[in-house]
Amino acid sequence: MMMKIATLSALSMLCNGAAAFAPATFGVPRTSVSLDMARKPFISGNWKLNPASKEEAVKLGAGIAAAITDKSPEADVALFVPYVYIESVMAATEGKLEVGAEAICPEDAGAYTGATAASMVQSVGVNWALAGHSERRVIYGESDENINAQCLKLIEKGMKVMLCIGESEAEYDQNLAGAVCAVQLKKGLAGIPKEKMTSVAIAYEPVWAIGTGKVATPETAQSVHETCRSILAEMYDQETADATRILYGGSVSDESIDALMAKPDVDGCLVGGASLDSGKFGRIINFES
């Protein structure tokens, strides 16, 4: 499959004037283009509106935790789960992984029926939350401004955020992947200073690959991740870009994980459907590099 990405010169025009954003670091050594910096791999699962009951959530969480052994790769592992299961899954996983929130409301309190504040999930032990997932953007109409407000609120509370970005199939077909990622990075990270970027991870999720069974080839993922890192370097500096973990998401499976993780700019994965199967997700956690 040929890469379909906007040229860096076009991205430079889109990102002009951006100079106040930066990335996060963690894992098994992954070297950058210009610096010998290690980025710890980050394997994460997004349960979305699953499973159907607390009992199933506990069983699934315990099964996933059991797959993490002293022989597992040195990596951060997290599960983003429905709010009602957070504490139960924390107990079931016994501290072997992070349990995060799938989204938060950028408001602290007030007349926002059905919303959950960052302080609420933080009070039960949550450190990580997703922001900007394509399903939140498309189904719930969350704007770039609202997503940015979520990111800023999480950073303000001393928490960590995984900002999700990615293009639609139509945008991909028009060679706009890089341009879309540039805009979403610039808007999503607006106002986050360089020194706070250690609390940020990026998840590149091409919308056309989420839940469709389609997976970007490892070469495509590498190319877009490299482009995203170049954008971050323009927004901040090369050191910050080289320290930022960029994860791939979009129908990641136990069969595709090894080839994806072999790429130097793929620092982990945000996994959907396969994270609902402890065997499959356990294999993803125990990727072979």
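A nonpolar core is a set of buried Ala, Val, Leu, Ile, Met, Phe, Trp, Tyr and Cys residues joined through side-chain atoms within 4.5 Å. Buried means under 20% relative accessible area, with a 1.4 Å probe and protein chains only. The model is predicted, so local features need pLDDT of at least 70, side-chain atom pairs count only at pLDDT 80 or more, and totals for chains, interfaces and linings use all residues. Residues are numbered from 1 along each chain as its sequence is written, and side-chain values use heavy atoms, with hydrogens and water left out.

The largest nonpolar core holds 66 residues. Leu185, Leu189 and Tyr248 have the most contacts inside it. Helix H9 (residues 218-235) supplies the largest share of this core, 7 residues. A second core is separate and has 11 residues, including Leu130, Cys164, Ala203 and Leu270. Helices (H or I, at least four residues) and strands (E, at least two) are DSSP runs numbered from the N terminus.

Strand E2 (residues 76-81) is mostly covered, with 5 of its 6 residues buried. Strands count as paired if DSSP finds at least two bridges between them. E2 pairs with strand E1 (residues 42-46) in the parallel sense over 5 bridges. Here Ile43 has Val77 of E2 as its bridge partner. From E1 the chain crosses through helix H2 (residues 54-66) to E2, and this β-α-β crossover is right-handed. In such a crossover, with the strands pointing away from the viewer, the path from the first strand over the helix to the second runs clockwise.

E2 also pairs with strand E3 (residues 98-101), in the parallel sense over 4 bridges. The bridge partner of Leu79 in E3 is Val99. E2, helix H3 (residues 86-93) and E3 form a right-handed β-α-β unit.

Pockets were found on a 1 Å grid over the protein atoms alone: a pocket is an open set of points with protein on both sides within 12 Å along at least five of seven lines, and lining residues have an atom within 4 Å of a point. A volume is the space filled by probe spheres set on the points. The largest pocket has a volume of about 630 Å³. Its lining has 25 residues, and Tyr83, Glu102, Ala103, Arg136 and Tyr140 lie nearest the centre. Helix H5 (134-138) and helix H6 (144-156) are the elements that give two or more residues to this lining.

The second largest pocket has about 200 Å³ of space. Of its 18 lining residues, Ser251, Val252, Gly272, Gly273 and Ala274 lie nearest the centre.

Conventions:
Buried < 20%, exposed > 50% of the residue type's maximum accessible area, 1.4 Å probe, protein only. 1 Å grid on protein atoms, 1.4 Å probe; cavity = no way out; pocket = protein on both sides within 12 Å on 5 of 7 lines; lining within 4 Å.
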